[in-house]
Amino acid sequence: MPMTIAYKQILDHLTTATVVLSRDLRVHDINAAAEYLLEASGSRVIDTPITNLIMTPDDGLETLREAAETGQPFTRREAELVLLSGSRCIVDYSVSPLSGEPDALLMEIQPRDRLLRISREEEILTQQETTRVLVRGMAHEIKNPLGGIRGAAQLLDRELTDDGQKEYTRVIIDEADRLRSLVDRMLGPRKAPELQPTNVHEVLERVRTLIDAESKGRIELIRDYDPSLPEFNGDREQLIQAFLNIARNAMEAAAENPSDERPMLTFRTRALRQFTIGHHRYRLACRIDIIDNGPGIPEELVQNIFYPMISGRANGTGLGLSITQSIIGQHHGLVECKSEPGRTDFIVFLPLEPQS
């Protein structure tokens, strides 16, 4: 199938990911944008079947064959592609006969992950702000009467001479203190982060050591670190607390793995360049994944998992992840959760440099 030099020049200069296929669905050409998006090298996939480049979990491949046979163009919206690396991406793609090349199909691919992620992040940020306003208002309404109850119980305790009766006033004082402490925990860190040069791997290693000690070696802990990550300005102790809250939940979930597979917890880091978190773009950021192979989080719970007092466990307080979200938010980062049976992934995005 001949390809004119004009077509090749156009393909190489397009920012849209573009793949040229032959009628037998072999990759004839691929531009740089497609190599980047599909995590593939053109020299390795040229003249190989399209299945060596991408797989479509739905009936996309069958539709592609029909397009090759009939020459009928088609478009797919928000389709999921599985790449050779095993990673997945959400894209819009269209396939059409290539004008002037009767034996060629043109496949144009537009990534949707970024747009979907920005929309999801805006929803998370709105959720965070709603949570902060709700908790502050509730804390004010609870702590004021608690102070009055505790003060009245102290005055009554001074007037009583019977130790048996004083026991009741002390119960009132202790319970008022407990409720006040609970409200303070709901509010999260009460001081601004003390920023200093911090290595994210030192933070994760401290968390991993604590989890290893708490699990008494019953859980396999896997490290998959990107050694290129530089230090950044962060509050080391607060970040340890944030990641420890996630890791403890993951440890408990992994221990409930219903299969015969050994409980497993993975700590993974990756560098992200020119990455947007919320409304700000950063030249360099990092992604931290804490992954367990437990039974997963119910779908109806995932969307609300970061709200205070929301927990999937009978003995859980529902405060750990809310506090984590607050700490990461103070570091201009974001926490997300993806879960399915056998794999729950808490993803933390942290900027490593000031926003562009």
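Biologist: How do α8 and α10 cross, and how far apart are their axes?
Modeller: In this predicted model, the axes of helix α8 (residues 236-255) and helix α10 (residues 320-330) come within 9 Å and cross at roughly 145°. The crossing is left-handed.

Biologist: Which residues make that contact?
Modeller: From α8, Q238, L239, Q241, A242, N245, I246 and N249. From α10, G320, L321, I323, T324, I327, I328 and Q330. By class, that is seven nonpolar, seven polar and no charged residues.

Biologist: And α7 with α8, at what angle do they cross?
Modeller: Roughly 40°, with the axes of α7 and α8 coming within 9 Å.

Biologist: What classes of residue are in the contact of α7 with α8?
Modeller: It has 11 nonpolar, one polar and five charged residues. Among them are E202, R206 and E214 in α7, and R236 and R248 in α8.

Biologist: Switching to the core. How many residues are in the largest nonpolar one?
Modeller: The largest nonpolar core has 38 residues, and F243 and L350 have the most contacts inside it. The largest share, 10 residues, comes from α8. Other elements giving two or more residues include α7, α10 and β13 (343-351).

Biologist: What does L350 touch?
Modeller: Leaving out residues up to four places away in sequence, L350 touches F232, L239, F243, I277, A285, C286, I288, I328, H331 and G333.

Biologist: What lies apart from that core?
Modeller: Another core, of 30 residues, among them A17, L21, L25 and L64.

Note on methods:
Residues numbered from 1 in each chain as written. Predicted model: local features only at pLDDT ≥ 70, side-chain atom pairs only at ≥ 80, totals over all residues. Heavy atoms only, no water. Axes fitted to C-alpha atoms, helices over the stretch in contact; angles between N-to-C directions. Helix = DSSP H or I, 4+ residues; strand = E, 2+ residues; numbered from the N terminus. Left-handed = near helix turned anticlockwise from the far one by under 90°. Contact = heavy atoms within 4.5 Å. Nonpolar A, V, L, I, M, F, W, Y, C, P; charged D, E, K, R; others polar. Core = buried A, V, L, I, M, F, W, Y, C linked by side-chain atoms within 4.5 Å. Buried < 20%, exposed > 50% of the residue type's maximum accessible area, 1.4 Å probe, protein only.
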